[in-house]
Amino acid sequence: LYKLPVVLANDANAAALGELMYGMAKEMKHFVVLTLGTGLGSGIVVDGKLLIGANGMAGELGHVSVDPEGRSCNCGLIGCLEQEKSLGAKWQIPLPI
């Protein structure tokens, strides 16, 4: 149908690309975008290029283990920052009725 380029990215990387191309970072070569929602992420731009990393995990700030006795994370680690401090983590805490 249409011969347009397609890019798949997580929300933090997509936000960083959006800022690089159209947003406040148009004039910047190096910056970080932080996202906080059901997860915790970051998109990193170095020399005007999105930093992906060898395994596509660059900028996955939410998957840094901060509590060795914390909750299990979907990534397979224990006590990830995302499990402790994201908005999604807050929904996992039982609230008294």
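Predicted model: local features only at pLDDT ≥ 70, side-chain atom pairs only at ≥ 80, totals over all residues.
Biologist: Let me start with the fold. How many helices and strands does the chain have?

Modeller: The chain has 3 helices and 3 strands. Next, read their order along the sequence. Here the pattern is α-β-β-β-α-α.

Biologist: What does the radius of gyration of the chain come to, against that of a compact globule?

Modeller: A compact globule of 97 residues would have a radius of gyration near 13 Å. This chain has 16 Å. The box tells you about the outline. Along the principal axes, the C-alpha atoms fill roughly 50 × 30 × 25 Å.

Biologist: How much of the chain counts as buried?

Modeller: Of the 97 residues, 28% count as buried. The chain exposes about 7,300 Å². Carbon and sulfur atoms supply 62% of that area.

Biologist: And contacts? What share joins residues at least 24 apart?

Modeller: Take the contacts between residues at least 6 apart in sequence. Of these, 26% join residues at least 24 apart.

Biologist: Now single residues. Is Val45 buried or exposed?

Modeller: Val45 has a relative accessible area of 1%, so it is buried. It is found in strand E2, residues 40–46.

Biologist: Which residues does Val45 touch?

Modeller: Skip residues up to four places away in sequence. Val45 then touches Ala16, Leu20, Lys29, His30, Phe31 and Leu50. Ala16 and Leu20 fall within the span of helix H1, residues 11–22. Val45 and Gly59 are 14 residues apart in sequence, and their C-alpha atoms are 9.6 Å apart.

Biologist: What stands out in the backbone at Asp47?

Modeller: Asp47 has a positive phi of about 55°, although it is not a glycine. The residue is found in the loop between E2 and E3. From Glu19 to Asp47 it is 28 residues in sequence and 14 Å in space, C-alpha to C-alpha.

Biologist: I see cysteines. How many disulfides does the count come to?

Modeller: The count comes to 0 disulfides. The test is a pair of cysteine sulfur atoms within 2.5 Å. The sulfur of Cys73 has its closest cysteine sulfur in Cys75, 3.7 Å away, so that pair is too far for a bond. For Cys75, the closest cysteine sulfur is in Cys80. That distance is also 3.7 Å, too far for a bond.

Biologist: Are Cys73 and Cys75 buried or partly exposed?

Modeller: Cys73 counts as buried because its relative accessibility is 9%. Cys75 is at 37%, so it counts as partly exposed.

Biologist: Last one. Which residues make the nonpolar surface patch?

Modeller: Val32, Leu34, Leu61, Val64 and Val66 make a patch of about 430 Å². Take Val64 as one of its members. Val64 lies in the loop between strand E3 (49–50) and helix H2 (81–85). Its relative accessibility is 41%, so Val64 counts as partly exposed.

Key
Residues numbered from 1 in each chain as written. Heavy atoms only, no water. Patch = residues over 30% accessible without salt bridge, like charges linked within 9 Å, V, L, I, M, F, W, Y side chains within 5 Å. Areas by Shrake-Rupley, 256 points an atom, 1.4 Å probe, with all protein chains shown as cover. Salt bridge = Lys/Arg side-chain N within 4 Å of Asp/Glu carboxyl O. Helix = DSSP H or I, 4+ residues; strand = E, 2+ residues; numbered from the N terminus. Buried < 20%, exposed > 50% of the residue type's maximum accessible area, 1.4 Å probe, protein only. Contact = heavy atoms within 4.5 Å. Rg over C-alpha atoms; globule rule 2.2 N^0.38 Å.
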